Amino acid sequence: MHGEYKVPGGKLVVVDVEVEDGALRHVRVAGDFFLEPDEALDAVNRALEGAPADTDAAGLAARIDAGLPEGTVMYGLTSEGVGVAVRRALAHATDWTDYDWQLVHDGPQSPALHMALDEVLTAEVAAGRRPPTLRVWEWAAPAVIIGSFQSLRNEVDPEGAARHGVAVVRRISGGGAMFVEPGNTITYSLSVPEALVQGLSFQDSYAYLDDWVLGALGDMGIRAWYQPLNDIATDQGKIAGAAQKRVVGPGGGPGAVLHHVTMSYDIDADKMVEVLRIGREKLSDKGIRSAKKRVDPLRRQTGLPREAVIARMVESFRARYGLTAGKATDEELALARELARTKFGSEQWTARVP
């Protein structure tokens, strides 16, 4: 069995392993990481040899740490990363480059239709009728998107939303509320087969699916990192938030994962705090005094037009994994429009947690 895992912010770890009588055998770890002294690699292999095959990534990491020579230095590598690579091998996980990725980047669409397209396209990936997809959103109207489990009244000031013409929609994924305006926001979705994140914990899957965009930001001169559970941060502050939803495949079979990210290219902070109810407790948890300081826009950090930032992100993805231009099919759009009308545009869904 073969497994690969790129350590977030680090290097690629490759593991080849067999299982005999419920234990790991013939373990071989490789990769483009740096490790000193040389014999530390043999120590890693020995530490994993004979481990019960059901040992989780943390348990495998503990075995590695206990077996490393004193003074071992890892660069671009972590014991946890090796453990994850082993779990991915045992789960027969796939890699990004195993797929023919499709880009969907259509014109501006309503907030409710965006919610519906996420659900429809991810279900189509789960059913095997659509290739893994990167969808870049264009917004037709300002909106607040609340998480699947958030209280509507606790998150949104209805008077502020009405005054500023801001639509309120609820997405199918968890997480917190996002304030978006056309031209000020960069949003994208990844609809991927579940096999791509096999062997990863829920938290690790966020870091794994965010890694490409960290590289894209780095190419634009922004040092960014994944901040658990679902933020992308820089020295200047948070620039993006992610959310996920797992979709079961037909008949309960292998499914797909929706991973979507909203990035602040620019932000009208005064309007945001009039529309969102941002509590003092949330702000104090971040160690800051003002909601306006919580998000640092990409416009200031890059100095690039929004369209240029998106183009560079798309090209970075294409260079890593390959990407062909596509579109939502007529059938997918029809399904999404109906879902936008009956579900995401309905008061019943939006206020399902009052």
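Helices (H or I, at least four residues) and strands (E, at least two) are DSSP runs, numbered from the N terminus; by that naming, Leu229 is found in the loop between E12 and strand E13 (231-234). The structure is a predicted model, in which local features need pLDDT of at least 70 and side-chain atom pairs count only at pLDDT 80 or more, while totals for chains, interfaces and linings use all residues. Residues are numbered from 1 along each chain as its sequence is written, and side-chain values use heavy atoms, with hydrogens and water left out. The points below cover helix packing, pockets and backbone features.

**Helix packing**

- Two packed helices are described by the angle between their axes and the distance between the axes; here axes are lines fitted to C-alpha atoms, for helices over the stretch in contact, and angles run from 0 to 180 degrees between N-to-C directions.
- Helix H1 (residues 39-48) packs against helix H2 (residues 57-67) at an angle of about 130 degrees, and their axes are 8 Å apart. That makes H1 oblique to H2, since angles under 35 degrees count as roughly parallel, over 145 as roughly antiparallel, 65 to 115 as roughly perpendicular and the rest as oblique.
- The crossing in which H1 passes H2 is right-handed; a crossing is left-handed if the near helix is turned anticlockwise from the far one by less than a right angle, and right-handed if clockwise.
- On the H1 side the contact (heavy atoms within 4.5 Å) is made by Ala43, Val44, Ala47 and Leu48, and on the H2 side by Leu60, Arg63, Ile64 and Gly67. These residues divide into six nonpolar, one polar and one charged, where Ala, Val, Leu, Ile, Met, Phe, Trp, Tyr, Cys and Pro count as nonpolar, Asp, Glu, Lys and Arg as charged, and the others, Gly among them, as polar.
- H2 also packs with H3, at an angle of about 130 degrees and with axes 8 Å apart, which makes H2 oblique to H3. The contact involves Ala57, Leu60, Ala61, Ile64 and Asp65 of H2 together with Ser79, Glu80, Val82, Gly83, Val84, Val86 and Arg87 of H3, and by class it has seven nonpolar, two polar and three charged residues. H2 passes H3 in a right-handed crossing.
- H7 and helix H11 (residues 306-321) pack at an angle of about 120 degrees, with their axes 9 Å apart, and are therefore oblique to each other. In this pair Asp211, Trp212, Val213, Gly215, Ala216 and Asp219 of H7 meet Arg312, Met313, Ser316, Phe317, Arg320 and Tyr321 of H11, a contact with six nonpolar, two polar and four charged residues.

**Pockets**

- On a 1 Å grid over the protein atoms alone, a cavity is a set of points where a 1.4 Å probe fits but cannot get out, and a pocket is an open set with protein on both sides within 12 Å along at least five of seven lines; lining residues have an atom within 4 Å of a point. Grid points are joined across faces, edges and corners, and a volume is the space filled by probe spheres set on the points.
- The largest pocket holds about 560 Å³ of space, and of the 31 residues that line it, the closest to its centre are Gly176, Ala177, Met178, Lys238 and Gly241.
- Strand E10 (178-180), strand E14 (237-247) and strand E15 (256-264) each supply at least two residues of that lining, with the largest share, five residues, coming from E14. By class, the lining of the largest pocket has 16 nonpolar, seven polar and eight charged residues.
- The second largest pocket holds about 290 Å³; it is lined by 20 residues, of which Tyr5, Pro8, Glu80, Val84 and Asp204 are the closest to its centre.
- H2, helix H3 (79-90), helix H7 (202-219) and strand E12 (224-227) each supply at least two residues of the lining of the second largest pocket, and the largest share, four residues, comes from H7.

**Backbone features**

- The peptide bond from Glu36 to Pro37 is cis, with omega near -5 degrees, and Pro37 lies in the loop between strand E4 (34-36) and H1.
- Pro228 and Leu229 are likewise joined by a cis peptide bond, with omega about -5 degrees.
- Asp21, in the loop between strand E2 (12-20) and strand E3 (23-31), has phi near 55 degrees, a positive value in a residue other than glycine.
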